[in-house]
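Reader: I would like to learn how to read a few features of a protein model. Please take them one at a time.

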Amino acid sequence: MTTLTSTTDTVTRDALAVLQPGFTGTTAPDWLLRRVGEGLSSVGLFGRNIESPEQLSALTAQLRAERDDVLVAIDEEGGDVTRLEVRHGSSFPGNLALGSVDDVALTRAVAQELGRRLADCGVNLNWAPSADVNSNPGNPVIGVRSFGADPHLVARHTAAYVEGLQAAGVAACTKHFPGHGDTAVDSHHALPRIDVDLETLHARELVPFRAAIAAGSKSVMSAHILLPALDPHRPATLSPQILTGLLREELGYDGLIVTDAVEMQAIASTYGIERGSVLAVAAGADALCVGGGLDDDSTVLRLRDALVAAVRAGELPEERLADAAARVRALASWTRRARGAVSEPGAAVQEGTAPGTGHSTGIGTDIGLVAARRAVKVTGTAAPLTEPPYVAAFTPVANIAVGAETPWGIAAELTRLLPGTETGAYSGGPHDTAPGADVLRAAGERRIVAVVRDAHRHPWMTEALDTVLAARPDTIVVEMGVPQADPRGALHVATHGAARVCGLAAAEAIVSPT
């Protein structure tokens, strides 16, 4: 185990302690192990770092050989945002599916089972759940990551999720404070602005965060959003009025405050990551997430040195940095005590079969599949599928949080249930011709299953559906994003998410038992 050198002073150790960097590769690089030995208290994992549960367990063991209480964090929401199963799609439905079922015991059980799997791999901090109220249906980055548009529904499921995750010994990180649900801009690319008054903020955005705090959420993640009613000048991540005045003092939160990734353009393009990091800690943040895009030793050293220089220059009080580092270490101590307090799976894990088919699903009959099946809503009275169809997947550009590398849809599941199913993928944009005619030509005489994702946000997708439905009214439409009030198609299947398990549940719902 590496020991601290005498030249590493307290301020430098504290500056390292507040960083949560990522890295490239499936084993820990030498530079990362060296920084952990020097005082780095947290490491962030992304899809690029994970190949299998066994490999992930070996990686976390490698980190803990340097520091037993290191925080190993991951962005594992389940549903559309998965890192554990980034190459295949999640075995758990996401928040919107759970909110649509509205069974808090189910949400708690799903979160606990997800937490158990994380803990088994050595992960002890999960940047989840999303407590955002998806009040803007055009939101490009939250959508199905939210439990819904009702603040009180979101609140009760946020609390249940926090309780379930932490019962498995994994710290929750409720995000994105004070609420990212009413934005029309993705903060990965620019700075969103929410123009609501304080009354609306308290009645809508803050309701789930109050519930999370009451449930004991060990950490809260800030949002890179501008709320002029609270601070007209700085985004929440950099705002003393929001992080200290609102979250700490008014809401009484005493846990760890983590920033969203500081290299996101909402911060990086306006303040720069060094200046942004200093301002975030000065405002009340305790840990700086970095590494989704910046993942090398030079970034860690730049941020460490920027914090140290700010203390030396009197721009960042040494006591504030020390307090932040102490909160990180306190959470690390909690996770070490909680290690081993993992419960058994909440349901059987025998491999299941699709109802009435005898075909293997490839997914364990566990709480994730149970939840996904309950979340599916089928509208219409048309006959289900009995012959192999043509599956047309209308594919939008995935936001960065979800990632384009995770497969989605129902083609693989339908092929398993109805061998001979044919598939095609279609995309479009503001200046492209909607591909409805292409779908009709490719389908021939086969019945069409049109699979969409947030069709209401993509005019090209709506136009393509218009063309297909006009010519082939027996088409089945599967919406794997946020469903709207006007279901379309001879059968309309709303899955409330695009996780692999949601695709399986949808396929089961539209195939006639044989």
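**Pockets, cavities and contacts**

Author: The second largest pocket has a volume of about 330 Å³. The model is predicted, so local features need pLDDT of at least 70 and side-chain atom pairs pLDDT 80 or more, while totals for chains, interfaces and linings use all residues. Residues are numbered from 1 along each chain as its sequence is written, and side-chain values use heavy atoms, with hydrogens and water left out.

Reader: What do pocket, cavity and volume mean here?

Author: On a 1 Å grid over the protein atoms alone, a cavity is a set of points where a 1.4 Å probe fits but cannot get out; a pocket is an open set with protein on both sides within 12 Å along at least five of seven lines; lining residues have an atom within 4 Å of a point. Grid points are joined across faces, edges and corners, and a volume is the space filled by probe spheres set on the points.

Reader: Which residues are closest to the centre of the second largest pocket?

Author: Of its 15 lining residues, these are Ser-52, Pro-53, Leu-84, Glu-85 and Arg-117. Helix 3 (53–64) and helix 5 (104–120) each supply at least two residues of the lining. Helices (H or I, at least four residues) and strands (E, at least two) are DSSP runs, numbered from the N terminus. The lining divides into 8 nonpolar, 2 polar and 5 charged residues. Ala, Val, Leu, Ile, Met, Phe, Trp, Tyr, Cys and Pro count as nonpolar, Asp, Glu, Lys and Arg as charged, and the others, Gly among them, as polar.

Reader: How many cavities of 30 Å³ or more does a search of the whole structure find?

Author: The search finds 1. The largest cavity has a volume of about 60 Å³, and its lining includes Glu-77, Asp-80, Arg-145 and His-496. That lining divides into 2 nonpolar, 6 polar and 3 charged residues.

Reader: How is a pair of aromatic rings described?

Author: By the distance of the centres and the angle of the planes. Rings of Phe, Tyr and Trp (its six-membered ring) pair if their centres lie within 6.5 Å; planes under 30 degrees apart count as stacked, over 60 as edge-to-face and the rest as tilted. The structure holds 5 aromatic pairs. One of them, Phe-177 with Phe-209, is edge-to-face, at 5.2 Å centre to centre and 90 degrees between the planes. Phe-177 lies in strand 5 (residues 171–177) and Phe-209 in helix 7 (residues 198–214), so the pair ties together parts 32 residues apart in sequence.

Reader: What kind of peptide bond joins Phe-177 and Pro-178, cis or trans?

Author: Most peptide bonds are trans. The bond between Phe-177 and Pro-178 is cis, with omega about 0 degrees, and Pro-178 sits in the loop between strand 5 and helix 7. The bond from Ala-128 to Pro-129 is also cis, with omega near 10 degrees.
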